[in-house]
Amino acid sequence: MNRTTPATKIAPPPYKVGVRELSNLLLDYSSTLMGCGVHTSRLARNVARIAESYGYETEMTVFRRHITMSILHREDDSIRRTSVRKIDHGPINFEFISRLSALSWEAYDNPMPFDELQRKYEAIVSKPRLSAWVVLLLVSLANASFCRLFGGDFVAMGIVFVATLAGFFLRQQLTLRRMNQMAVVAICSLIASLIGSIGLRYGLGTTPQTALASSVLFLIPGVPLINSIVDILEGYILAGISRAIHAGILIICIAIGLSVSLLTLGLNSL
Amino acid sequence: MNSAFLLDIVLDGLFAAIAAVGFAVISNPPRRTIPYTALLAAIGHAMRFWMLDIPVSITAASFAGAFSIGLLALLFARRLHCPAEVLSFPALLPMIPGMYAYKTILTTIQFMSDKTPPEEQQFLLTAVFHNGFTTLFVMSALVIGVLLPILMFPKVAYTMTRLLKPIVGK
């Protein structure tokens, strides 16, 4: 386990809280963090810090869908509680990860009354995301630049910009309507690559191949892939493998959409 | 190193920065970290571009680029008061080997097609493995490269979001 406490800090905690309230808040906190894409060891450290500041210890098991957390009082181990909480996976949110980690240090360094901690937690998680339109525009520009990095010319960049604009817009809309994530990725990959193949169909520019190849790259689950390797290297091997399999399935969905549009082109033309 | 090549390196870094910003905002990063992510991505990608010209293999060059991103992220994360991975993970995204992944899929489909003559199939099979292994190894090199600084200095890396005493005092 990750013990972040130095041996000297055994002074009784300045604020007291019931095991039930603390356990509920920590489960909310963990479920939110896991849902926005934190790696497992950071979660374990953050939770241990908060529990520590109220005089409790935690041990937890984390899987992709559920968290099991045992929390017990440092002096009196008859005060204990073990609960399981479902994880709602949402879009990745680095702002939450950053601020919730800072909150855990704040609680550890300057213990605060429990309702103040709860208020701060609620304030952080109610913060809205960046505007969807700004994200759409920036993602399209990013994918066009990506095409340039692979050696595409300006025509290819234009095609990729339009393909990403359409594909990512579709992804935002379908995700809002709570469609299955795998289906969303496959459909967006199909639409983006169909638009991306315009250059090949009509012979536009000198690098139509590059345009087609980069048109679907905005769908690659980069952060989950990185997190899976982080987890495996840090010893959370089961958690890491389940993340890797999930990312792998999404990549297969991209390949399915891409294959369909490649097949409509006819392979001889490639 | 002539000036045309220097310009190529700078342009490569510039486009990598735009790509990193775009892919970063999907993950809703804190606003103050976005310029730093762009800077890290530009440095890492330009470094890989330069090393590929030496020439070094793409796996080794990606590792070096990712390692420099990881080190710089540790430096900046302290100042920005955020976890290092919030800076470094989005900066890695422009280096993800998308083109090799695409070619793996394309050559696999061509290999499976009934219309492909047998003498072409063995070349396609080689291409499938070449592209597939490159994708896998570059991906692993990126992550190991960016994690190495964190694993080397765990004490530093794990206290990034802790407010230092002087800040608390004022």
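## A tour of the A–B contact and chain A

Start by selecting Glu85(B) and Arg42(A): these two form a salt bridge, with their closest N and O atoms 2.7 Å apart (a salt bridge is a side-chain nitrogen of Lys or Arg within 4 Å of a carboxyl oxygen of Asp or Glu). The pair crosses between chains, running from helix H4 (residues 84–92) of chain B, which holds Glu85(B), to helix H2 of chain A, which holds Arg42(A). Helices (H or I, at least four residues) and strands (E, at least two) are DSSP runs, numbered from the N terminus. Both Glu85(B) and Arg42(A) are buried (buried means under 20% relative accessible area, exposed over 50%, partly exposed in between, with a 1.4 Å probe and protein chains only).

Before moving on, a word on the model. It is predicted, so local features need pLDDT of at least 70 and side-chain atom pairs count only at pLDDT 80 or more, while totals for chains, interfaces and linings use all residues. Residues are numbered from 1 along each chain as its sequence is written, chains are lettered from A and ligands numbered from 1 in the order in which they are written, and side-chain values use heavy atoms, with hydrogens and water left out.

**Stop 1: the whole A–B contact**

Now select the residues of each chain that touch the other. The contact takes 54 residues from chain A and 49 from chain B, where contact means heavy atoms within 4.5 Å. About 4800 Å² is buried between the two chains, and carbon and sulfur atoms give 73% of that area. Buried area here is the accessible area (1.4 Å probe) that two parts lose on being put together, summed over both. Highlight Phe94(A), Leu130(A) and Ile226(A): they supply 14% of the area that chain A buries against chain B, more than any other three residues.

How many residue pairs are in polar contact between chain A and chain B? The count is 8, with both residues at pLDDT 80 or more. A polar contact is a pair of N or O atoms within 3.5 Å; within protein, one must be able to donate a hydrogen and the other to accept it, and residues adjacent in sequence count only if both atoms are side-chain atoms. Colour H5(A) next, as the largest share of the side of chain A that touches chain B, 10 residues, comes from this helix.

**Stop 2**

**Stop 3: salt bridges in chain A**

Select Asp28(A) and Arg85(A), a salt bridge with closest N and O atoms 2.4 Å apart. Asp28(A) lies in helix H1 (residues 19–35) and Arg85(A) in strand E3 (residues 80–86) of chain A, so the pair ties together parts that are 57 residues apart in sequence.

Finish at Lys127(A) and Glu95(A), whose side chains meet in a salt bridge (3.7 Å, N to O). Lys127(A) is partly exposed, with a relative accessible area of 35%, whereas Glu95(A) is buried at 10%.
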